Amino acid sequence: MERIWLSSPHMSGTEEEFVKEAFATNWIAPLGPHVNGFEADLAKFTNCGYVSVLSSGTAAIHLALILLGVQAGDFVLCSSFTFSATANPIKYQGANPIFIDSEKETWNICPKLLEEALIDLKEKGILPKALILVHLYGMPAKMDEIMAICDQFNIPIIEDAAEAIGSSYKGKAMGTFGKMGVYSFNGNKIITTSGGGALVSKEKDLIEKATFLATQARDEAVHYEHSHIGYNYRMSNVSAGIGRGQMTVLKQRVEARRAMNQFYREIFKAVPGIEFLNEMEDTYSNYWLSTILIDKEQAGFDREELRLHLLKANIEARPLWKPMHLQPIFEQELAYENGCSESLFSHGLCLPSGSNLTDTEKNRIKNSILELIRVSC
Ligand SMILES: *Cc1c(COP(=O)(O)O)cnc(C)c1O
């Protein structure tokens, strides 16, 4: 039986046309018409103003920090419950992350704890340079509360919407609330360019500067003149071609992911002790990954038992992200904890969520889960 993956690339068929065009015109470079076209497509879809497409989401976060002037010794607030790529660029700059725990409703950064942290840090004489805020698994964070607190303390927000393209809050795209927003087009994301990312902003000068830094910071001159340290972070025209093809089906991809979430709700409907991540009022999630929390006492099995049971049928499932404040690499960093993300990590599981799963594959998943449910109760 073939492997069923957590989230695998799903091409529409039009990508190859765009890639062929790149070859036919010899735009095999980190610039070209598809790069510009993909940026225009993203600007239109997210209604964010300005876009720079880059080699990865990680690169986009790194550039956002540079643009906000984050330097060695500075402090940057960061969601603890996330993938390490959210926090690593803080260390690239020699700065120090301060991790903030989650709240139970969205699993994202807890506004109350964020406020407590900022008050406490102020007393200690620390004013963080920025907040990197994550919308995990596509679920929008509590933006009204978070933005009010950040406004009060004058903290610019970098929105890590790597997992949340197509999600929205009060009709507005995630990634467009903060000073800058970040998307990722890695192979496992909801749309992919095989690898890539984007930085978006309402502020034109920030995005122009990002593109400048991403292309080795070449000043205006015939020879190579440099007054800034540059990076090689631009997206290639071939990748951008794939991205343009993917943009034609982004809406359908979101709908398919949401249908997968519904599929799991049906399967687990009658099982006690299974909890889903639900949308709050005014939020719309792309449900990039379908996730569940399992209470072993009630369900009769825990997340590891379910994961291993699925693995036996060659079906990939994965624990939720391990919080950053529990990672060996970030052990020494400041963290404001409330136990929320630690508990999510120990009870939660990500289930196969691809938009390209066939009915046969869905049946395999369903039967495997039902098998475990039957023996457990
Ligand atoms: C995937 C991901 C990133 C990194 O994006 P890349 O394009 O893989 O560099 C950052 N943050 C989160 C939350 C992600 O899921």
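This is a predicted model: local features need pLDDT of at least 70, side-chain atom pairs count only at pLDDT 80 or more; totals for chains, interfaces and linings use all residues.
How many Å separate the centres of domain 1 and domain 2, taken over C-alpha atoms? Keep that one in mind while I get you oriented.

The chain is divided into two pieces, with domain 1 running over 15-249 and domain 2 over 251-376. Back to my opening question: their centres, taken over C-alpha atoms, are 26 Å apart. The contact draws on 49 residues from domain 1 and 38 residues from domain 2.

How much area do the two domains bury between them? That comes to about 3,900 Å², and 63% of it is on carbon and sulfur atoms. If you want to find this on the domain 1 side, look for W107, Y137 and I190, which lose the most area to domain 2. Together they account for 21% of what that side buries.

Okay, let's move on to some helices. Find α13, residues 359-376, and then α9, residues 250-268. Their axes come within 10 Å and cross at roughly 30°. Angles under 35 degrees count as roughly parallel, so α9 and α13 are roughly parallel to each other. The crossing is right-handed, by the way. On the α9 side, the contact is made by M260, F263, Y264, I267 and F268. Facing them from α13 are K362, I365, K366, I369, L370 and I373. Sort those by class and you get nine nonpolar residues, two charged ones and no polar ones.

Now α13 has another partner to show you, helix α11, residues 303-312. Here too the axes come within 10 Å, but the crossing angle is roughly 130°. That makes α11 oblique to α13. This crossing is right-handed. From α11 we have E305, L306, H309 and L310, and from α13 we have I365, S368, I369, E371 and L372. The class count for this contact is five nonpolar, two polar and two charged residues. Notice that I365 and I369 of α13 turn up here, and they were also in the list for α9.

Last stop, a couple of backbone details. Where does N314 sit? It is in the loop between α11 and β13, the strand at 318-319. N314 has a positive phi of about 60°, although it is not a glycine. K170 also has a positive phi without being a glycine, in its case about 50°. You'll find K170 in the loop between β6 (168-169) and β7 (172-173).

How values were computed: Residues are numbered from 1 along each chain as its sequence is written. Side-chain values use heavy atoms; hydrogens and water are left out. Axes are lines fitted to C-alpha atoms, for helices over the stretch in contact, and angles run from 0 to 180 degrees between N-to-C directions. Helices (H or I, at least four residues) and strands (E, at least two) are DSSP runs, numbered from the N terminus. Angles under 35 degrees count as roughly parallel, over 145 as roughly antiparallel, 65 to 115 as roughly perpendicular and the rest as oblique. A crossing is left-handed if the near helix is turned anticlockwise from the far one by less than a right angle, and right-handed if clockwise. Contact means heavy atoms within 4.5 Å. Ala, Val, Leu, Ile, Met, Phe, Trp, Tyr, Cys and Pro count as nonpolar, Asp, Glu, Lys and Arg as charged, and the others, Gly among them, as polar. Domain bounds come from an automatic or database domain assignment. Buried area is the accessible area (1.4 Å probe) that two parts lose on being put together, summed over both.
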